[in-house]
Amino acid sequence: MSDPYPVGTPTGPYAVGTPTDPAASHGHPHPGVGANAEGLPPGSWSAGPPVVWQPAEPDRLTRFVLRLHARSPRWAAPLAALGCVAAGMAYALVSDPTTSDPDAAPSCLLKLTTGLDCPGCGGTRALWYLLHADLPAAARHHAVFVFAVPFLAYLFVAWAGRQAFGWRLPELRLSSPVIGGFLAVWMAFSVLRNLPWAPFTALYV
């Protein structure tokens with residue numbers, strides 16, 4: 001009698017070509033063996049409807065601000081910023097922080113509670129001296145602030161001129177390393193001015 005299964009022919013309930021083979025009867029591999037339940041290769045994503053991100057509906061205040069911004073003239077934002085700067089200068093001039101009583105409680109919370117100068121201590125006095133063209137006295141009270149004022153002024157003029165009048169002034173690019181270096185110098189200055197040894201005591205305000 002001849003062998004029904006020649007040498008090399010796979011045998012078993014799922015042998016290729018046999019009636020019980022799922023690949024022959026259904027045209028796809030057996031579920032769970034080499035494929036997922038949808039007939040996709042292992043590790044592939046299942047086909048389905050695309051997920052669409054729906055942005056959140058803005059609240060009433062946000063919609064009001066957006067409408068106000070869309071209807072405002074192009075010079076409104078620079079004018080508002082200029083008003084804030086002018087208000088700060090006016091406060092420094094009217095309050096005259098250089099004539100405060102030596103025994104008066106400091107307005108800085110950190111200095112009031114610890115006696116230490118905070119990173120911004122002396123800034124208002126430095127601004128007052130700058131407005132009176134006394135650069136040495138301004139630098140004595142806050143040298144880092146005096147150093148930053150020209151850059152801040154140019155950034156404001158360039159931005160306001162572009163917004164209001166379409167000016168194209170040369171752009172002052174401040175990279176992340178530059179900003180990080182400036183902050184590091186500011187923090188070092190804030191620490192050194194609180195050291196109780198000369199010459200650092202000259203920086204204490």
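Author: Reading along the sequence gives α-α-α-α-α-α-α-α. That is 8 helices and 0 strands. Helices (H or I, at least four residues) and strands (E, at least two) are DSSP runs, numbered from the N terminus.

Reader: What kind of model is it, and what are the ground rules?

Author: This is a predicted model, where local features need pLDDT of at least 70, side-chain atom pairs count only at pLDDT 80 or more, and totals for chains, interfaces and linings use all residues. Residues are numbered from 1 along each chain as its sequence is written, and side-chain values use heavy atoms, with hydrogens and water left out.

Reader: What is the mean pLDDT of the protein?

Author: The mean is 80, and 76% of the residues reach 70 or more. pLDDT is the predictor's confidence in each residue, from 0 to 100.

Reader: Which elements have the lowest and the highest mean pLDDT?

Author: Helix α1 (residues 22-26) has the lowest, at 47. Helix α8 (residues 176-192) has the highest, at 95. Over residues 14-28 pLDDT stays under 50, and the model has 17 contacts beyond four places in sequence for them. Contact means heavy atoms within 4.5 Å.

Reader: How much of the protein counts as buried?

Author: 17% of the 205 residues. Buried means under 20% relative accessible area, exposed over 50%, and partly exposed in between (1.4 Å probe, protein chains only). On contacts between residues at least 6 apart in sequence, 47% join residues at least 24 apart.

Reader: How are pocket and volume defined here?

Author: On a 1 Å grid over the protein atoms alone, a pocket is an open set of points where a 1.4 Å probe fits, with protein on both sides within 12 Å along at least five of seven lines. Lining residues have an atom within 4 Å of a point. Grid points are joined across faces, edges and corners, and a volume is the space filled by probe spheres set on the points.

Reader: How does the lining of the largest pocket split by class?

Author: 10 nonpolar, 7 polar and 4 charged residues. Ala, Val, Leu, Ile, Met, Phe, Trp, Tyr, Cys and Pro count as nonpolar, Asp, Glu, Lys and Arg as charged, and the others, Gly among them, as polar.

Reader: And the second largest pocket, which classes line that?

Author: 11 nonpolar, 1 polar and no charged residues. Among them are Leu 82, Met 89, Leu 127, Phe 145 and Phe 156. The space is about 350 Å³. α3, α5 and α7 (143-165) each supply at least two lining residues, and α7 gives the most, with 5.

Reader: α5 keeps coming up. Which of its residues are buried?

Author: Gly 123, Ala 126, Leu 127, Trp 128 and Tyr 129. Their cover includes α3, α6 and α7. After α5 comes Ala 133, with a positive phi near 60°.

Reader: Where does Asp 117 sit?

Author: In the loop between α4 (109-114) and α5 (123-131). Asp 117 counts as buried because its relative accessibility is 3%. Its side chain makes a polar contact with the side chain of Lys 111, at 3.0 Å. A polar contact is a pair of N or O atoms within 3.5 Å; within protein, one must be able to donate a hydrogen and the other to accept it, and residues adjacent in sequence count only if both atoms are side-chain atoms.

Reader: What does Leu 203 touch?

Author: Leaving aside neighbours within four places in sequence, Leu 203 is in contact with Asp 117, Arg 140, Phe 189 and Arg 193. Leu 203 lies in the segment after α8. Its C-alpha is 4.8 Å from that of Arg 193, 10 residues apart in sequence.

Reader: Why does Leu 203 count as partly exposed?

Author: Because its relative accessibility is 27%.

Reader: Last one. Is His 141 buried or exposed?

Author: Buried, at 14% relative accessibility. His 141 is in helix α6 (residues 135-141). Beyond four places in sequence, its contacts include Cys 121, Arg 125, Tyr 129 and Val 205.
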